[in-house]
Amino acid sequence: GGKMDDALFEFLRSVDTPTVCNAIETAQGKRGFSAFTRRPVIVADPDARPIVGFASTGKVASKFPSPETPESVRERRLGYYRHMATSPKPAIAVIEDIDYPECLGAFWGEVNATVHKGLGLSGAIPNGLVRDLGSLPADFPILAGSVGPSRAFVHVTGFGMPVEIFGMPGKQGDLIHADQHGALVIPPDVVSVLREAVRTVLEAEKVVLETARKPDFDIDMLVDVWTRFEDTRNG
C-alpha cells in the first residue's frame with residue numbers, strides 16, 4: 001500500500017474505469033495491459049461514482065460448512081474485520097469466494113456492507129454473491145459476481161493474501177479503480193503520469209467525437225482524423 005494525494009484521488013474518481021484502462025496503455029506506450037476483470041459484474045448501485053482505493057483482501061467459502069469449530073470461525077471473522085479496519089484508507093474490500101464459479105452464499109448483504117462502511121471502507125469487489133439489493137448502505141458500491149437470497153455456509157477462510165477476482169490478480173495494497181464496467185489494478189509505475197495520460201486519452205477522443213458529430217461528417221474527414229487518433233492511442 002501507499003499514500004495517494006487527495007487531488008489525484010478526486011481526479012481518478014471523476015473518470016470511468018475504461019478511460020483509466022486506456023490511460024494506463026497510453027502511459028505504458030503500448031497495448032496489452034491485462035490487470036483487469038474479465039467477467040461482467042453485478043453492480044449493486046448503477047449510479048455510484050467510480051471507487052478508487054487500496055485493496056484489502058480476503059477469502060471466503062460458502063458452499064460447505066466450515067470444518068472448524070464455531071469459535072475458530074468467529075475468531076477468524078473478527079481477525080478479518082480487524083484487518084479491514086486497519087488497512088490503509090481509502091480501501092476497497094477485494095474478496096475471493098474460493099467456491100467460484102459455484103458460489104452459493106452471499107457474504108455481502110445489508111449487515112456486512114454496513115459494517116465494512118462503518119470500518120472506513122469505500123466499497124467491495126467480491127467474485128461471490130450479494131443480496132439485500134434494496135437495503136444496502138448508500139455510498140458503498142459493490143461489484144459482485146452474482147445475486148442470491150441465501151448466506152448458505154458463508155465463512156471467512158483468510159485475509160491479507162493475494163486473490164483473483166474474475167481473472168484480475170489482486171494483492172493487499174494494490175491501487176484499484178472500479179465502476180460498473182469492472183475493476184483494474186493501476187500499476188505503481190504509471191501513477192505519477194496517470195493524470196496526464198487520462199488527459200491525452202480524453203483530448204484524442206474529443207477530436208474524433210467532435211468531427212463525427214459535424215453535419216458534414218464523411219469518410220474523408222474520418223480518414224484524416226483517425227490517423228492522428230491512432231497515433232495517440234498506441235504510444
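Trainee: How many cavities of 30 Å³ or more does the structure hold?

Mentor: Bearing in mind that this is a predicted model, the structure holds one cavity of 30 Å³ or more, and the volume of the largest cavity is about 30 Å³.

Trainee: What makes it a cavity, and which residues line the largest cavity?

Mentor: A cavity is a set of points where a 1.4 Å probe fits but cannot get out, and lining residues have an atom within 4 Å of a point. The residues lining the largest cavity are Val60, Ile95, Asp97, Phe107, Trp108, Pro126, Gly128 and Leu129, and the elements that give two or more residues to this lining are β3 (91-97) and β4 (106-108).

Trainee: How do the residues of that lining divide into nonpolar, polar and charged?

Mentor: The lining of the largest cavity has six nonpolar residues, one polar and one charged. Asp counts as charged and Gly as polar, and both Asp97 and Gly128 are among the lining residues.

Trainee: What is the volume of the largest pocket, and which residues are the closest to its centre?

Mentor: The largest pocket has a volume of about 380 Å³, and a pocket, by definition, is an open set. It is lined by 19 residues, of which Arg77, Ala106, Phe107, Arg151 and Val154 are the closest to its centre. Two or more lining residues come from each of α3 (70-86), β4, α4 (110-118) and β9 (155-159), with α3 giving the most, four residues. By class, the lining of the largest pocket divides into 10 nonpolar, three polar and six charged residues.

Trainee: How do you know that the span of helix α6 agrees with what it should be?

Mentor: Helix α6 (residues 219-233) has 15 residues and, at 1.5 Å a residue, should span 21 Å; because its end C-alpha atoms are 20 Å apart, the two values agree.

Trainee: Why is Asp218 said to cap the N-terminal end of α6?

Mentor: A side-chain oxygen of Asp218 lies 3.2 Å from the backbone nitrogen of Asp220, and a polar contact is a pair of N or O atoms within 3.5 Å, so the distance meets the cut-off.

Trainee: How many helices and strands are in the protein chain, and what share of its residues is buried?

Mentor: The protein chain has six helices and 13 strands, and buried residues, those under 20% relative accessible area, make up 44% of its 235 residues.

Note on methods
Residues numbered from 1 in each chain as written. Predicted model: local features only at pLDDT ≥ 70, side-chain atom pairs only at ≥ 80, totals over all residues. Heavy atoms only, no water. Expected span 1.5 Å × (residues − 1). Polar contact = N/O pair within 3.5 Å; in protein donor to acceptor, adjacent residues only side chain to side chain. 1 Å grid on protein atoms, 1.4 Å probe; cavity = no way out; pocket = protein on both sides within 12 Å on 5 of 7 lines; lining within 4 Å. Points joined across faces, edges and corners; volume = space filled by probe spheres on them. Buried < 20%, exposed > 50% of the residue type's maximum accessible area, 1.4 Å probe, protein only.
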